[in-house]
Amino acid sequence: MKEFPLTRRQFIRSAALAGAAGPLLLNGQARAEDLPRLSEDDPAARALLYVHDVADLDLNNPMAARFEPGQDCSNCVFIEGDPAADWRPCTYFPGKLVSNRGWCAIWAPQG
Ligand code: SF4
């Protein structure tokens, strides 16, 4: 008797889940701009000295020691999304948007 890797019921269930998840993923990508903005008071943001505007960075804070003029979120390797948008997703703050003019202590140059 020939064996199938999936039972008919498993196949139907998998297809139904894939069909339901597809639009969610597409919508999630298409609506990145609808994500909430990262608050500077967010504990994760505070831990990394994140600021919305690099001009507001406290240069006396030891965590800003690596900062150099010209660095901001728009040219950080961890920024994602549409370069034309003022607020964009960041790998380090999933589910939130960071300001293109922002900065945090893990800034790293793009490729
Ligand atoms: S990791 Fe980069 S893009 Fe994300 S908040 Fe920090 S500096 Fe901005």
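Which residues does L38 touch, not counting residues up to four places away in sequence? L38 touches A45, Y50, F93, K96, L97 and V98, where a contact requires the C-beta atoms of two residues, placed from the backbone, to lie within 7 Å. The structure is a predicted model, in which local features need pLDDT of at least 70 and side-chain atom pairs count only at pLDDT 80 or more, whereas totals for chains, interfaces and linings use all residues. Residues are numbered from 1 along each chain as its sequence is written.

**Confidence**

- The mean pLDDT of the chain is 82, and 73% of the residues score at least 70; pLDDT is the predictor's confidence in each residue, from 0 to 100.

**Architecture**

- The chain contains two helices and two strands, which are DSSP runs numbered from the N terminus (helices: H or I, at least four residues; strands: E, at least two).
- Along the sequence, these elements follow the pattern α-α-β-β.
- Of the contacts in the chain with a separation of 6 or more, 58% are between residues 24 or more positions apart.

**Burial and nonpolar core**

- Buried residues make up 20% of the 111 residues in the chain; a residue is buried if 20 or more other C-beta atoms lie within 10 Å of its own, exposed if 12 or fewer, and partly exposed in between, with C-beta atoms placed from the backbone.
- The largest nonpolar core has 16 residues, and those with the most contacts inside it are L38, Y50, V51, C73, V98 and W103.
- Such a core is a set of buried Ala, Val, Leu, Ile, Met, Phe, Trp, Tyr and Cys residues joined through C-beta atoms within 7 Å.
- In soluble globular proteins, nonpolar side chains tend to be buried together.

**Ligand surroundings**

- The ligand is surrounded by 13 residues, of which C73, C76, F78, C90 and C104 are the closest; a residue is near the ligand if its C-beta atom, placed from the backbone, lies within 6 Å of it.
- This shell divides into twelve nonpolar residues, one polar and no charged.
- Here Ala, Val, Leu, Ile, Met, Phe, Trp, Tyr, Cys and Pro count as nonpolar, Asp, Glu, Lys and Arg as charged, and the others, Gly among them, as polar.

**The loop between α1 and α2**

- A32 is in the loop between α1 and α2 and is partly exposed, because 15 other C-beta atoms lie within 10 Å.
- Leaving aside neighbours within four places in sequence, A32 is in contact with G81 and P89.
- The C-alpha atoms of A32 and L97 are 8.2 Å apart, although 65 residues separate them along the chain.
- E33 lies in the loop between α1 and α2 and is partly exposed, with 13 other C-beta atoms within 10 Å.
- E33 and D86, 53 residues apart in sequence, are separated by 9.4 Å, C-alpha to C-alpha.
- P36 is also placed in the loop between α1 and α2 and counts as exposed, because it has 10 C-beta neighbours inside 10 Å.

- L49, in the loop between α2 (43–47) and β1 (87–89), has a positive phi of about 60° although it is not a glycine.
- Most residues other than glycine have a negative phi.
- L49 is partly exposed, with 19 other C-beta atoms within 10 Å.
- N100, in the segment after β2, is buried because 20 other C-beta atoms lie within 10 Å.
- Leaving aside neighbours within four places in sequence, N100 is in contact with D72, C73, S74, D86 and R88.
- The C-alpha atoms of N100 and W87 are 5.8 Å apart in space, with the two residues 13 apart in sequence.
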